[in-house]
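User: Please examine the structure shown below and answer some questions about it.

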Amino acid sequence: MRGKEIQTKDKHIQNLAKIVGGVQSILYKKEDLLAYDCDGFTIHRHLPKAVVFPKNTQEVAEVVKYCNENNLPFLARGAGTGLSGGAIPLNGEVIISLVRMKRLLSVDLENRRAVVEPGFVNLKLTQSISDKGYYYAPDPSSQYCCTIGGNVAENAGGAHCLKYGVTTNHILGLEVVLPNGEIIEIGKNGIPDQPGYDLLGLLTGSEGTLGIVTKITVRILKNPEAKQTVLAYFDKVSDASQAVSDIISEGIVPAALEMMDKTAIEAVEAAAFPVGHPRDIEALLLIEVDGISAGIDEQIHQILRVCKNRNVREVKVAQDEKERERWWANRKTGFGAMGAISPDYLVQDGVIPRSKLPEVLERIKKISEKYGLRIANIFHAGDGNLHPLVLFDAKKPGETEKALAAGSECLKVCADVGGSITGEHGVGIEKREEMRFIFNDEEIMAQTNIRDVFNPKNLLNAGKLFPTPGRCVEVKKERKEVITS
Amino acid sequence: MSLKESDLKKDPACTINSLGNYLWSDPPDENKWADCVHCGMCLESCPTYEQTGQEQHSPRGRVHLIKSVAEGKLEVNEAFADPVFACLDCRACTTACPADVDVGGLIEEARGQIRQAMPLTGWKGVVSKFFLQGVFPNQDRLHLLGSLLKFYQKSGLQKVVRKTRLIHIMPEHLVEMEAILPEVKQPVRKKYKHADVIKAKGETKRTVALLTGCIMDVMFSDINEATINVLTRNGNDVVIPQNQTCCGALHVHAGDREMGRKLAKQNIEAFKDAEKVIVNAAGCGCMLKEYPELFREDPEWRKKAEEFSAKVEDISKYLHDTDFEKPKAEIKTRITYHDACHLAHGQGIREEPRNILRSIPGVEIVHMPNADRCCGSAGIYNITNPEMAGAILESKMKNVPEDVEIISMGNPGCMLQMAMGVLKYGRNQRIVHTVQLLDWAYQKEDSLKEGKG
């Protein structure tokens, strides 16, 4: 492409370019940087100072070291599909893009683990090992394009996490560049459950505030012997949610148990992967069971019976892999599909006790009416992880603010009924303030103190994950002065 | 009121229908980007993102930049032109997008603005003007070019040039291209110049008009011949309207929408009486189907374009939909199929050509991983962006199965590019258009019959 030389006098850009190997591995012009002013969360936009594309751990470490020594704020970015703004350069950061570190380094079937670089795309891992009968379990809806490094940072979940757990349950080891440029390894040799503090657990889901992951050892699983998928249409949300509870209390642990409400169905049917769902139902369930062949049919019968007892209008079992894939493509592109019925959307990520579902949906409906904004619900019903999607038009003055307020109220409802403000998307920028719904100032301080151990200058991804507690305002201010001076 | 004041009250001429920093008419369509929610599902589908890992070279990145110009955040300048022109216009992102965002359309509209804001200068401008305006739309000059090429190949000049290494005065990617130039034969437009209609073999069931294409008819007239053969074989009278011209896809890809409109109007007129317009080049077919996009600001021509576009059909889909005769002779070969972007992503035609291949007894189809990934040809992209096109071709060739004899596809640009790939990476596959295989099977059937009779 254009330009063989760096065309700026900024010495930081020149020095960073030297570290990563020249003009092809750094972006610094406004036109290019603009593509990095947000991630999947588009409400806040800030230009980074530069984007660098290191090829290996060493280069990452050197970039970090340089930023640390020169007090340049910095952060790591993968595919930028995060939904809470974790990769947005709020402070004009130097973005360290890890997408060129995208190798699958090793696969060890005997010990059921694989080592990947952070830019390796989630779905590619399963594709690389499926012919040998293995797969990687965490499957966020963005798995077609999101990176495993990003999954670690956000502790990503997915439709099949009900049975198999979220990312943290599948991480065996990490190589991490600390905010001072030091390279450390935790969970050596991929041996699970090492003695001492669970640093893997701490790092996973730290939203890129404690270090930058440069190598990941993950657990891989043997493909289940059999798999069956059921689609059930309900006239009433309450029946659908009661069916969810019934299925779990029957002792079945489905691999996935998903719900979509009427507005969500309208969107996916108007978008690129329609299935032909009836438009006049209030909710649908997508249920998948897997495991050894022997018990599957029995489980499917139980599920069909439960649905019928809860007045299901129509229920069917996928006839082949193609049909199953079609149903899942329809569900997994659900967020993007909102584009077909609304110019903008804001997705929330609350967790609630399953039993509270009908009540919560009713309250969300009230919020929708109060703000005059439509809210669609896509829901990992099995584990109570609710995704209300607030639909709005950013071009209409004041509507973005209304959407944010409506989203926040949805989370308040989740917290009120004994749930949480995020299941899998992370806090990022979006839910910083909502952290107060579940933590008081002392609790937040306790956590930022942990951050300070790893990230004392707070140069790495500052301004994410936590609100600024009132009493540390002064301390922060001082620090900011140090940083900017 | 002084003259100056009245001038101020009027809109300056260039702001009619402008949008933000797009100062010319026909700017990128707001409704096209309104559906993009920046989810990123397009990233992995994009060949230039795969190569660079940079988001300004990804679909959502490009949409974001195009939108930013409309919002006044960016200017139409060199730095904006780079990501917009690095796009292959392969449309893979349109397939991947959950909200059906027409990224390809936005790219073409943005290129239209860029070319008006900053016309090509220097040798690039001269070359582009010479070919896009002087040669492709001009039948006589095209045929002259064909004759020159033919002379080059037949006279021994080609051998001399290659042997004396005179050829190395060309950039490397052009040397590679020269090496795979197909043997030039007589264009069908010349051949059938005086035939009003080429009659169906046997009873006439339908009449169709054929777009012969510009490059297609010079470089690949044998594919046009094959197309005519399979059409007449299946009961179609074939008409070749003589005042037809280049489809304009290369012009629109290059941002010359004005020329695109001119050519579109000529073709709409030329095919006025046709009920069906058959196309055997995916890129052309896609363009013809998108003519209405060129007339967003001209309701009268837009309507005509819509009526015209509804008549356009790719040859493989047409044969498939009209229940083509299944060949009886056996061609024993192993084939893999490459989805031309403008067939698979542009027109949603994937299974029809494969079904045609499957219908030939003896043909075994071997699956090509990522068959619908761009080969890097992308119109004249391999000439304008050789480095990127080369990298994309390399990853394409890695996906071509080792043990096949033929790679089949439905687009001449891809055929040249893939032929170059075969040569460059020491492979030995033949590159064949889908209808050519069908034609061979019919011919074999006939010669067997004759032999018996």
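Analyst: A residue is called buried if 20 or more other C-beta atoms, placed from the backbone, lie within 10 Å of its own, exposed if 12 or fewer do, and partly exposed in between. The model is predicted: local features need pLDDT of at least 70, side-chain atom pairs count only at pLDDT 80 or more, and totals for chains, interfaces and linings use all residues. Residues are numbered from 1 along each chain as written, and chains are lettered from A and ligands numbered from 1 in the order written.

User: What percentage of the residues of chain A count as buried?

Analyst: Chain A has 485 residues.

User: What is the radius of gyration of chain A?

Analyst: The radius is taken over C-alpha atoms, and the globule rule is 2.2 Å times the number of residues to the power 0.38. For 485 residues the rule gives 23 Å, so chain A is as compact as a globular protein of that length, its computed value being close to this at 23 Å.

User: How many residues of chain B are in contact with chain A?

Analyst: Two residues are in contact if their C-beta atoms, placed from the backbone, lie within 7 Å. Chain A contributes 36 residues, and the number from chain B is 29.

User: Which residue follows α25(B)?

Analyst: Helices are DSSP runs of H or I with at least four residues, numbered from the N terminus. Helix α25 of chain B covers residues 412-424, and 10 of its 13 residues are buried. The residue that follows has a positive phi, near 60°, and is B:G426.

Definitions and conventions: Helices (H or I, at least four residues) and strands (E, at least two) are DSSP runs, numbered from the N terminus. The expected span of a helix is 1.5 Å times one less than its number of residues.
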